[in-house]
Amino acid sequence: MKRFLTGVKPTGFAHLGNYFGAIKPAIELSKQKDSECLYFIADYHALTTVESGAEMEEYFYNIACTWLACGLDPEKVIFYRQSDIKEDFELNWILCNVTPKGLMNRAHAYKAMVEKNSENGVEKDDGVNMGLYNYPILMTADIVLFDTDFVPVGFDQKQHVEIARDIVHNFNLKYGKTLKEPNEYIDKNCATLVGLDGRKMSKSYNNTIRLFGTSGELKKSIMRIVTDSRLPGEPKDKECTVNKLFKLFASAEEAEKFENDLLAGLGWGEAKNRLFEVADRYISPMREKYNHYMAHKDEVDKILADGAVKARSIASKVLSRVRKAIGVK
Ligand code: ADP
Ligand code: TRP
(Lines give C-alpha, C1' and ligand atoms only; values in the text may rest on other atoms or scores of the structure.)
(Ligands and ions follow the chains in the order given, each with its own letter.)
Protein backbone atom coordinates (compact mmCIF):
# COMPACT_ATOMS: atom_id res chain seq x y z
CA MET A 1 0.00 0.00 0.00
CA LYS A 2 1.39 3.38 -1.04
CA ARG A 3 0.29 6.64 0.47
CA PHE A 4 -0.41 9.60 -1.83
CA LEU A 5 -0.93 13.08 -0.46
CA THR A 6 -1.59 16.38 -2.14
CA GLY A 7 -2.83 19.84 -1.24
CA VAL A 8 -4.78 22.43 -3.18
CA LYS A 9 -4.69 26.10 -2.36
CA PRO A 10 -8.01 27.96 -2.23
CA THR A 11 -6.75 30.97 -4.16
CA GLY A 12 -9.36 31.31 -6.91
CA PHE A 13 -12.28 29.62 -8.61
CA ALA A 14 -11.45 26.22 -10.08
CA HIS A 15 -11.00 26.29 -13.86
CA LEU A 16 -10.82 23.67 -16.62
CA GLY A 17 -7.00 23.55 -16.33
CA ASN A 18 -7.26 22.63 -12.65
CA TYR A 19 -9.88 20.03 -13.45
CA PHE A 20 -8.07 18.19 -16.24
CA GLY A 21 -4.58 18.81 -14.85
CA ALA A 22 -5.10 18.04 -11.18
CA ILE A 23 -8.58 17.16 -9.93
CA LYS A 24 -9.56 14.47 -12.44
CA PRO A 25 -6.24 12.58 -12.32
CA ALA A 26 -6.17 12.73 -8.51
CA ILE A 27 -9.67 11.30 -8.28
CA GLU A 28 -8.79 8.53 -10.73
CA LEU A 29 -5.73 7.74 -8.64
CA SER A 30 -7.86 7.40 -5.52
CA LYS A 31 -9.87 4.66 -7.22
CA GLN A 32 -6.83 2.48 -7.80
CA LYS A 33 -6.16 -0.49 -5.60
CA ASP A 34 -3.12 -0.30 -3.33
CA SER A 35 -3.29 3.44 -2.93
CA GLU A 36 -4.30 5.35 0.14
CA CYS A 37 -5.00 8.99 -0.60
CA LEU A 38 -5.01 12.10 1.53
CA TYR A 39 -6.17 15.25 -0.22
CA PHE A 40 -6.46 18.52 1.63
CA ILE A 41 -7.28 22.16 1.20
CA ALA A 42 -4.17 24.17 1.97
CA ASP A 43 -5.91 27.18 3.45
CA TYR A 44 -2.94 28.35 5.52
CA HIS A 45 -0.74 28.28 2.41
CA ALA A 46 -3.31 30.45 0.66
CA LEU A 47 -2.73 33.21 3.22
CA THR A 48 0.22 34.38 1.12
CA THR A 49 -2.13 35.52 -1.66
CA VAL A 50 -5.73 35.72 -0.44
CA GLU A 51 -6.73 39.32 0.33
CA SER A 52 -9.44 39.02 3.00
CA GLY A 53 -11.38 36.68 5.28
CA ALA A 54 -14.41 36.86 3.00
CA GLU A 55 -12.31 35.91 -0.02
CA MET A 56 -10.75 32.99 1.86
CA GLU A 57 -14.16 31.65 2.78
CA GLU A 58 -15.48 32.02 -0.75
CA TYR A 59 -12.53 30.24 -2.40
CA PHE A 60 -12.39 27.65 0.33
CA TYR A 61 -15.94 26.43 -0.31
CA ASN A 62 -15.49 26.72 -4.06
CA ILE A 63 -12.55 24.32 -3.90
CA ALA A 64 -14.05 21.95 -1.33
CA CYS A 65 -17.38 21.67 -3.20
CA THR A 66 -15.55 21.32 -6.53
CA TRP A 67 -13.62 18.26 -5.40
CA LEU A 68 -16.72 16.62 -3.98
CA ALA A 69 -18.75 17.44 -7.09
CA CYS A 70 -16.03 15.99 -9.32
CA GLY A 71 -16.34 12.65 -7.61
CA LEU A 72 -13.99 12.63 -4.63
CA ASP A 73 -15.34 9.88 -2.39
CA PRO A 74 -14.73 10.74 1.28
CA GLU A 75 -14.92 7.03 2.11
CA LYS A 76 -11.89 6.39 -0.09
CA VAL A 77 -9.97 9.63 0.35
CA ILE A 78 -9.09 11.31 3.62
CA PHE A 79 -10.27 14.81 2.70
CA TYR A 80 -9.54 17.60 5.17
CA ARG A 81 -8.67 21.18 5.82
CA GLN A 82 -5.02 21.96 6.57
CA SER A 83 -5.84 24.42 9.35
CA ASP A 84 -7.64 21.64 11.29
CA ILE A 85 -4.42 19.69 11.67
CA LYS A 86 -2.72 21.31 14.66
CA GLU A 87 0.13 18.78 14.46
CA ASP A 88 1.12 20.29 11.11
CA PHE A 89 2.05 23.63 12.65
CA GLU A 90 4.02 22.06 15.47
CA LEU A 91 6.01 19.98 13.01
CA ASN A 92 6.51 23.09 10.87
CA TRP A 93 8.30 24.79 13.76
CA ILE A 94 10.44 21.76 14.49
CA LEU A 95 11.47 21.51 10.83
CA CYS A 96 12.42 25.21 10.75
CA ASN A 97 15.33 24.20 12.94
CA VAL A 98 16.82 21.77 10.45
CA THR A 99 16.21 23.99 7.42
CA PRO A 100 19.17 26.07 6.24
CA LYS A 101 18.17 29.62 5.37
CA GLY A 102 20.09 29.27 2.11
CA LEU A 103 17.73 26.49 1.01
CA MET A 104 14.80 28.90 1.31
CA ASN A 105 16.75 31.57 -0.62
CA ARG A 106 16.82 29.18 -3.55
CA ALA A 107 13.09 28.37 -3.60
CA HIS A 108 11.48 29.43 -6.91
CA ALA A 109 8.66 31.62 -5.60
CA TYR A 110 10.98 33.62 -3.34
CA LYS A 111 13.71 33.86 -5.97
CA ALA A 112 11.20 35.13 -8.52
CA MET A 113 10.15 37.91 -6.13
CA VAL A 114 13.77 38.90 -5.51
CA GLU A 115 14.50 38.98 -9.24
CA LYS A 116 11.42 41.07 -9.93
CA ASN A 117 12.41 43.50 -7.19
CA SER A 118 15.93 43.88 -8.53
CA GLU A 119 14.55 44.55 -12.04
CA ASN A 120 12.30 47.20 -10.58
CA GLY A 121 15.20 48.72 -8.64
CA VAL A 122 13.60 48.24 -5.21
CA GLU A 123 14.93 46.54 -2.07
CA LYS A 124 15.35 42.81 -2.75
CA ASP A 125 12.90 41.62 -0.09
CA ASP A 126 10.28 44.22 -0.88
CA GLY A 127 6.79 42.68 -0.48
CA VAL A 128 8.16 39.37 0.85
CA ASN A 129 6.65 38.24 4.14
CA MET A 130 7.73 35.30 6.24
CA GLY A 131 4.70 33.28 5.09
CA LEU A 132 6.03 33.33 1.55
CA TYR A 133 9.61 32.76 2.66
CA ASN A 134 8.81 29.78 4.91
CA TYR A 135 6.17 28.35 2.55
CA PRO A 136 8.29 25.31 1.58
CA ILE A 137 8.83 24.34 5.23
CA LEU A 138 5.10 24.21 5.97
CA MET A 139 4.64 22.23 2.77
CA THR A 140 7.28 19.78 3.98
CA ALA A 141 5.41 19.41 7.27
CA ASP A 142 2.14 18.80 5.35
CA ILE A 143 3.79 15.97 3.49
CA VAL A 144 6.01 14.21 6.02
CA LEU A 145 3.46 14.37 8.83
CA PHE A 146 1.73 11.44 7.12
CA ASP A 147 4.72 9.29 6.13
CA THR A 148 3.78 10.09 2.54
CA ASP A 149 5.26 8.00 -0.27
CA PHE A 150 4.13 10.06 -3.26
CA VAL A 151 3.03 13.63 -3.81
CA PRO A 152 0.92 14.08 -6.97
CA VAL A 153 1.77 17.56 -8.26
CA GLY A 154 2.24 19.57 -11.41
CA PHE A 155 5.78 20.15 -12.66
CA ASP A 156 5.87 23.59 -11.03
CA GLN A 157 5.78 21.97 -7.57
CA LYS A 158 8.64 19.54 -8.15
CA GLN A 159 11.17 21.77 -6.41
CA HIS A 160 9.02 21.89 -3.29
CA VAL A 161 9.08 18.11 -3.00
CA GLU A 162 12.85 18.14 -3.52
CA ILE A 163 13.14 20.67 -0.70
CA ALA A 164 11.00 18.39 1.47
CA ARG A 165 13.46 15.56 0.82
CA ASP A 166 16.39 17.80 1.76
CA ILE A 167 14.74 18.83 5.01
CA VAL A 168 13.90 15.21 5.89
CA HIS A 169 17.48 14.24 5.12
CA ASN A 170 18.78 16.91 7.54
CA PHE A 171 16.36 15.86 10.24
CA ASN A 172 17.22 12.18 9.93
CA LEU A 173 20.94 12.95 9.93
CA LYS A 174 20.64 14.82 13.20
CA TYR A 175 18.08 12.65 15.03
CA GLY A 176 18.27 9.23 13.38
CA LYS A 177 15.91 7.87 10.77
CA THR A 178 12.53 9.19 11.86
CA LEU A 179 10.84 10.71 8.81
CA LYS A 180 10.02 9.21 5.42
CA GLU A 181 11.48 10.81 2.29
CA PRO A 182 8.67 11.67 -0.14
CA ASN A 183 8.75 11.51 -3.93
CA GLU A 184 6.93 13.67 -6.43
CA TYR A 185 4.40 11.91 -8.64
CA ILE A 186 4.13 13.73 -11.94
CA ASP A 187 1.70 12.43 -14.51
CA LYS A 188 3.59 12.87 -17.77
CA ASN A 189 0.53 12.10 -19.90
CA CYS A 190 -1.29 14.96 -18.37
CA ALA A 191 -1.15 17.73 -20.95
CA THR A 192 -1.12 21.39 -20.09
CA LEU A 193 -4.46 22.88 -20.98
CA VAL A 194 -4.48 26.04 -23.05
CA GLY A 195 -6.57 29.02 -22.07
CA LEU A 196 -8.71 31.52 -23.98
CA ASP A 197 -5.66 33.24 -25.48
CA GLY A 198 -3.72 30.07 -26.37
CA ARG A 199 -1.25 30.36 -23.46
CA LYS A 200 -1.38 27.93 -20.50
CA MET A 201 -4.74 28.30 -18.79
CA SER A 202 -3.99 30.01 -15.50
CA LYS A 203 -5.63 32.48 -13.22
CA SER A 204 -2.42 34.53 -13.34
CA TYR A 205 -3.04 35.10 -17.08
CA ASN A 206 -6.72 35.81 -16.64
CA ASN A 207 -7.51 33.42 -19.50
CA THR A 208 -9.44 30.72 -17.68
CA ILE A 209 -12.75 28.99 -18.25
CA ARG A 210 -14.39 28.52 -14.88
CA LEU A 211 -15.41 24.93 -14.21
CA PHE A 212 -18.60 25.66 -12.30
CA GLY A 213 -19.89 28.94 -13.56
CA THR A 214 -23.46 28.82 -14.88
CA SER A 215 -24.17 27.27 -18.24
CA GLY A 216 -24.52 30.81 -19.62
CA GLU A 217 -21.10 31.78 -18.26
CA LEU A 218 -19.56 28.69 -19.80
CA LYS A 219 -20.98 29.66 -23.18
CA LYS A 220 -19.77 33.24 -22.83
CA SER A 221 -16.21 32.07 -22.00
CA ILE A 222 -16.15 29.67 -24.93
CA MET A 223 -17.28 32.45 -27.27
CA ARG A 224 -14.28 34.50 -26.05
CA ILE A 225 -11.71 31.89 -27.17
CA VAL A 226 -9.27 33.66 -29.47
CA THR A 227 -9.30 32.26 -33.02
CA ASP A 228 -7.61 33.28 -36.25
CA SER A 229 -9.46 35.23 -38.92
CA ARG A 230 -10.14 32.32 -41.26
CA LEU A 231 -13.65 32.53 -42.70
CA PRO A 232 -16.27 29.78 -42.85
CA GLY A 233 -15.33 27.49 -45.71
CA GLU A 234 -11.58 27.88 -45.11
CA PRO A 235 -9.86 24.87 -43.49
CA LYS A 236 -8.92 25.44 -39.84
CA ASP A 237 -5.74 24.40 -38.02
CA LYS A 238 -6.40 21.22 -36.05
CA GLU A 239 -4.03 22.45 -33.32
CA CYS A 240 -6.42 25.29 -32.50
CA THR A 241 -7.69 25.82 -28.94
CA VAL A 242 -11.28 25.00 -29.87
CA ASN A 243 -10.28 21.58 -31.19
CA LYS A 244 -7.98 20.85 -28.24
CA LEU A 245 -10.76 21.60 -25.77
CA PHE A 246 -13.38 19.71 -27.78
CA LYS A 247 -11.36 16.47 -27.48
CA LEU A 248 -11.49 16.60 -23.69
CA PHE A 249 -15.26 16.47 -23.55
CA ALA A 250 -16.25 14.40 -26.57
CA SER A 251 -16.27 10.72 -27.47
CA ALA A 252 -13.55 9.56 -29.90
CA GLU A 253 -16.08 9.47 -32.75
CA GLU A 254 -17.40 12.93 -32.03
CA ALA A 255 -13.86 14.28 -31.83
CA GLU A 256 -12.92 12.75 -35.16
CA LYS A 257 -15.98 14.18 -36.88
CA PHE A 258 -15.39 17.61 -35.36
CA GLU A 259 -11.77 17.68 -36.52
CA ASN A 260 -12.79 16.65 -40.04
CA ASP A 261 -15.44 19.35 -40.09
CA LEU A 262 -12.87 21.94 -39.00
CA LEU A 263 -10.51 20.81 -41.75
CA ALA A 264 -13.43 21.06 -44.19
CA GLY A 265 -14.04 24.67 -43.22
CA LEU A 266 -16.50 24.69 -40.30
CA GLY A 267 -16.98 28.32 -39.19
CA TRP A 268 -15.69 29.45 -35.79
CA GLY A 269 -19.14 30.43 -34.52
CA GLU A 270 -20.60 27.02 -35.21
CA ALA A 271 -17.47 25.27 -33.92
CA LYS A 272 -17.74 27.15 -30.62
CA ASN A 273 -21.43 26.29 -30.33
CA ARG A 274 -20.60 22.63 -30.71
CA LEU A 275 -17.79 22.90 -28.19
CA PHE A 276 -20.19 24.50 -25.74
CA GLU A 277 -22.67 21.67 -26.22
CA VAL A 278 -20.22 18.88 -25.42
CA ALA A 279 -18.63 20.83 -22.56
CA ASP A 280 -21.97 21.63 -20.98
CA ARG A 281 -23.14 18.04 -21.37
CA TYR A 282 -20.00 16.87 -19.57
CA ILE A 283 -20.05 19.47 -16.82
CA SER A 284 -23.81 19.67 -16.08
CA PRO A 285 -24.16 16.61 -13.80
CA MET A 286 -21.12 17.71 -11.79
CA ARG A 287 -22.44 21.29 -11.67
CA GLU A 288 -25.64 20.03 -10.11
CA LYS A 289 -23.69 18.33 -7.36
CA TYR A 290 -21.57 21.43 -6.93
CA ASN A 291 -24.67 23.57 -6.49
CA HIS A 292 -26.02 21.07 -4.00
CA TYR A 293 -22.90 21.24 -1.83
CA MET A 294 -22.73 25.02 -2.10
CA ALA A 295 -26.28 25.14 -0.77
CA HIS A 296 -25.49 22.63 2.01
CA LYS A 297 -22.16 23.77 3.41
CA ASP A 298 -22.92 21.97 6.68
CA GLU A 299 -22.54 18.67 4.79
CA VAL A 300 -19.17 19.83 3.48
CA ASP A 301 -18.06 20.92 6.96
CA LYS A 302 -19.03 17.50 8.31
CA ILE A 303 -17.09 15.64 5.61
CA LEU A 304 -14.01 17.76 6.28
CA ALA A 305 -14.34 17.40 10.05
CA ASP A 306 -14.52 13.59 9.70
CA GLY A 307 -11.51 13.74 7.40
CA ALA A 308 -9.59 15.78 9.96
CA VAL A 309 -10.24 13.16 12.65
CA LYS A 310 -8.86 10.42 10.41
CA ALA A 311 -5.91 12.56 9.35
CA ARG A 312 -5.04 13.53 12.91
CA SER A 313 -5.00 9.94 14.04
CA ILE A 314 -2.14 9.34 11.58
CA ALA A 315 -0.48 12.72 12.21
CA SER A 316 -0.42 12.41 15.98
CA LYS A 317 1.53 9.14 15.76
CA VAL A 318 4.14 10.60 13.44
CA LEU A 319 4.44 13.72 15.57
CA SER A 320 4.94 11.61 18.73
CA ARG A 321 7.77 9.82 16.97
CA VAL A 322 9.32 13.17 16.08
CA ARG A 323 8.92 14.57 19.59
CA LYS A 324 10.55 11.48 21.01
CA ALA A 325 13.45 11.80 18.57
CA ILE A 326 14.10 15.43 19.54
CA GLY A 327 13.78 14.66 23.25
CA VAL A 328 10.49 16.41 23.92
CA LYS A 329 7.96 14.27 25.72
P1 ADP B 1 -3.28 28.64 -11.64
O2 ADP B 1 -2.17 28.51 -12.64
O3 ADP B 1 -4.57 28.98 -12.29
O4 ADP B 1 -2.92 29.57 -10.49
P5 ADP B 1 -2.82 26.59 -9.68
O6 ADP B 1 -1.37 26.93 -9.67
O7 ADP B 1 -3.64 26.94 -8.49
O8 ADP B 1 -3.49 27.22 -11.00
O9 ADP B 1 -2.95 25.05 -10.02
C10 ADP B 1 -3.62 24.08 -9.24
C11 ADP B 1 -3.40 22.74 -9.91
O12 ADP B 1 -3.94 22.71 -11.24
C13 ADP B 1 -1.92 22.37 -10.07
O14 ADP B 1 -1.77 20.99 -9.78
C15 ADP B 1 -1.61 22.64 -11.52
O16 ADP B 1 -0.59 21.79 -12.00
C17 ADP B 1 -2.95 22.35 -12.21
N18 ADP B 1 -3.10 23.23 -13.36
C19 ADP B 1 -3.28 24.57 -13.35
N20 ADP B 1 -3.40 25.07 -14.59
C21 ADP B 1 -3.28 24.02 -15.44
C22 ADP B 1 -3.31 23.86 -16.87
N23 ADP B 1 -3.50 24.91 -17.66
N24 ADP B 1 -3.16 22.63 -17.38
C25 ADP B 1 -2.97 21.56 -16.58
N26 ADP B 1 -2.94 21.63 -15.24
C27 ADP B 1 -3.08 22.84 -14.65
N1 TRP C 1 2.18 24.36 -2.97
C2 TRP C 1 1.09 23.63 -3.58
C3 TRP C 1 0.57 24.47 -4.79
O4 TRP C 1 0.84 25.65 -4.89
C5 TRP C 1 -0.04 23.39 -2.62
C6 TRP C 1 0.39 22.53 -1.45
C7 TRP C 1 0.50 22.90 -0.14
C8 TRP C 1 0.77 21.15 -1.52
N9 TRP C 1 0.93 21.85 0.62
C10 TRP C 1 1.10 20.76 -0.20
C11 TRP C 1 0.86 20.24 -2.57
C12 TRP C 1 1.54 19.46 0.09
C13 TRP C 1 1.29 18.94 -2.28
C14 TRP C 1 1.63 18.55 -0.97
O15 TRP C 1 -0.14 23.93 -5.63
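Let me start with the loop between α1 (16-30) and β2 (35-41), where D34 is found; helices here are DSSP runs of H or I with at least four residues, strands are runs of E with at least two, and both are numbered from the N terminus. This is a predicted model, in which local features need pLDDT of at least 70, side-chain atom pairs count only at pLDDT 80 or more, and totals for chains, interfaces and linings use all residues. Residues are numbered from 1 along each chain as its sequence is written, and side-chain values use heavy atoms, with hydrogens and water left out.

D34 is not a glycine, and yet its phi is positive, at about 65 degrees. With 57% relative accessibility, D34 counts as exposed, a term that stands for over 50% relative accessible area, whereas buried means under 20% and partly exposed lies in between, with a 1.4 Å probe and protein chains only.

N206, in the loop between β5 (183-185) and α9 (215-223), is also a residue other than glycine with a positive phi, near 55 degrees, and at 67% relative accessibility N206 counts as exposed.

Turning to helix α11, which residues of it are buried? They are A255, F258, E259, D261 and L262. Seen down the axis of α11, these fall within an arc of 160 degrees, so they line one face of the helix; the arc is taken from the directions from the helix axis to the C-beta atoms. Among what covers them are α10 (241-249) and α12 (268-295), while the face turned away from the buried side carries the exposed residues A252, E253 and E256. Just after α11, G265 takes a positive phi of about 105 degrees.

Notes: Chains are lettered from A and ligands numbered from 1 in the order in which they are written. Contact means heavy atoms within 4.5 Å.
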